[in-house]
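Work through the exercises below with the structure in view. Each task is followed by a solution in steps.

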Amino acid sequence: MADLIAQGPEAHHRWRRKLPPDFPLVLGRDAPPWSIPWDDRISRKHCDVTYSGGRLSISKLPAARNPIFFHGKALDAFSLAPGENFVIGNTMFTLVEERVLVARDTPRPVTEQTFTADYLRQLQFRHADRRIDALSRLPEIIAGSASDSELSARIVNVLLTGLDRTQAAAVVIAPEIHAGGKIQVMNWDRRNIDFADFSPSERLIRQAIESGESIVHVWNNLRDSTFTSSTNVDWACATPVRGASCRGWALYIAGRSLSASASDVASPDDLRDELKFMELAAATLGSLREARLLQ
């Protein structure tokens with residue numbers, strides 16, 4: 001499966017969505033769920049897109065006002081391969097074929113720590129303004145989400161926007177421990193496109209959901225291991241979303257230390273800001289989704 005990533009001028013002007021094969025779609029400023037509402041240079045219905053045979057075909061609609069640029073040229077119709085992009089207005093669209101594979105055989109972390117919700121609520125943010133600004137958009141994000149797929153895409157964007165050390169984020173759902181079945185990744189995204197697989201740890205996700213607490217795994221002393229090299233991460237956090245409306249849901253983030261000689265994440269305590277942010281995001285998500293279902 002391929003994904004299309006839209007990135008506007010601001011960090012939170014972004015989404016990542018799966019492209020269904022052989023199914024025509026419309027991109028535009030008002031073309032849900034493929035809307036680009038932040039860019040007034042994009043027409044309400046700007047172009048048709050179809051993913052087929054490993055390529056994405058683009059066709060500009062007659063009513064579209066502004067050109068579509070591909071390889072620096074204004075074109076009305078063209079196709080692109082994974083890794084290529086096109087531009088409309090102030091927004092770049094990139095076609096990618098990065099996979100997400102939940103890893104069952106991740107190595108034991110060098111350090112593992114559990115943080116209770118009460119403890120995290122008492123902590124103070126070290127960079128409060130940026131965190132609170134991102135969190136303040138959560139009610140609007142949830143209210144404007146027509147489906148769980150759209151909701152999870154927006155939550156992932158909030159995590160990446162508010163947590164600058166996070167390289168990848170996901171919303172996941174784990175089945176009951178005795179029910180078996182695979183963990184479902186509702187939506188995921190990464191800060192940089194590096195065409196490597198994203199492999200969230202099944203062990204970490206299940207531990208967080210079953211314990212009901214936030215958990216951190218740090219692998220960065222295993223920097224030369226196959227796991228950290230292939231996944232491009234050496235720490236990860238998982239926070240359960242509590243409440244009957246989100247049973248089995250969790251938020252997951254992962255990142256990589258800045259360098260092998262000077263790690264910015266030496267222990268789970270270094271990730272307290274990230275965990276507090278995730279705890280607040282999960283609590284808001286659970287409460288507002290519960291209210292929406294009751295309505």
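**Exercise 1. Count the helices and strands of the protein, then describe its burial and surface.**

Solution. The model is predicted. The protein has seven helices and 16 strands. Of its 295 residues, 49% are buried. For contacts between residues at least 6 apart in sequence, 59% join residues at least 24 apart.

**Exercise 2. Find the strands that pair with β10 and state the sense of each pairing.**

Solution. Start with strand β10 itself, which spans residues 91-96. Five of its six residues are buried, so the strand is mostly covered, a residue being buried when its relative accessible area is under 20%. Next, take strand β1, residues 2-7: five bridges join β1 to β10, and the two run antiparallel. Within β10, Met-92 stands opposite Gln-7. Then take strand β9, residues 85-88, which pairs with β10 over four bridges, again in the antiparallel sense. Here Asn-85 has Thr-94 of β10 as its bridge partner.

**Exercise 3. Check whether the length of helix α7 agrees with its number of residues.**

Solution. Helix α7 covers residues 272-294, which is 23 residues. The expected span is 1.5 Å times one less than the number of residues. That gives 33 Å, and the end C-alpha atoms are 33 Å apart, so the two values agree. As a further step, list buried residues of α7: among them are Leu-275, Phe-277, Met-278, Leu-285 and Arg-289.

**Exercise 4. Decide whether Ser-152 is buried or exposed, and name the residues it touches.**

Solution. First place the residue: Ser-152 lies in helix α4, residues 148-162. Its relative accessibility is 1%, and the cut-off for buried is under 20%, so Ser-152 counts as buried. Leaving out residues up to four places away in sequence, Ser-152 touches Val-171, Met-186 and Asn-187.

**Exercise 5. Locate the aromatic cluster and a charge that sits over a ring.**

Solution. A search of the whole structure gives seven aromatic pairs. One cluster is formed by Trp-15, Trp-34, Phe-70, Phe-78, Phe-86 and Phe-93. For the charge, go to Arg-16: its charged end sits over the ring of Trp-188, 4.1 Å from the ring centre.

Technical notes: Residues are numbered from 1 along each chain as its sequence is written. This is a predicted model: local features need pLDDT of at least 70, side-chain atom pairs count only at pLDDT 80 or more; totals for chains, interfaces and linings use all residues. Side-chain values use heavy atoms; hydrogens and water are left out. Rings of Phe, Tyr and Trp (its six-membered ring) pair if their centres lie within 6.5 Å; planes under 30 degrees apart count as stacked, over 60 as edge-to-face and the rest as tilted. A charge sits over a ring if NZ of Lys or CZ of Arg is within 6 Å of the ring centre and within 35 degrees of the ring normal. Buried means under 20% relative accessible area, exposed over 50%, partly exposed in between (1.4 Å probe, protein chains only). Two strands pair if DSSP finds at least two bridges between them. Contact means heavy atoms within 4.5 Å. Accessible areas come from the Shrake-Rupley method with a 1.4 Å probe; for residues, only the protein chains shown count as cover.
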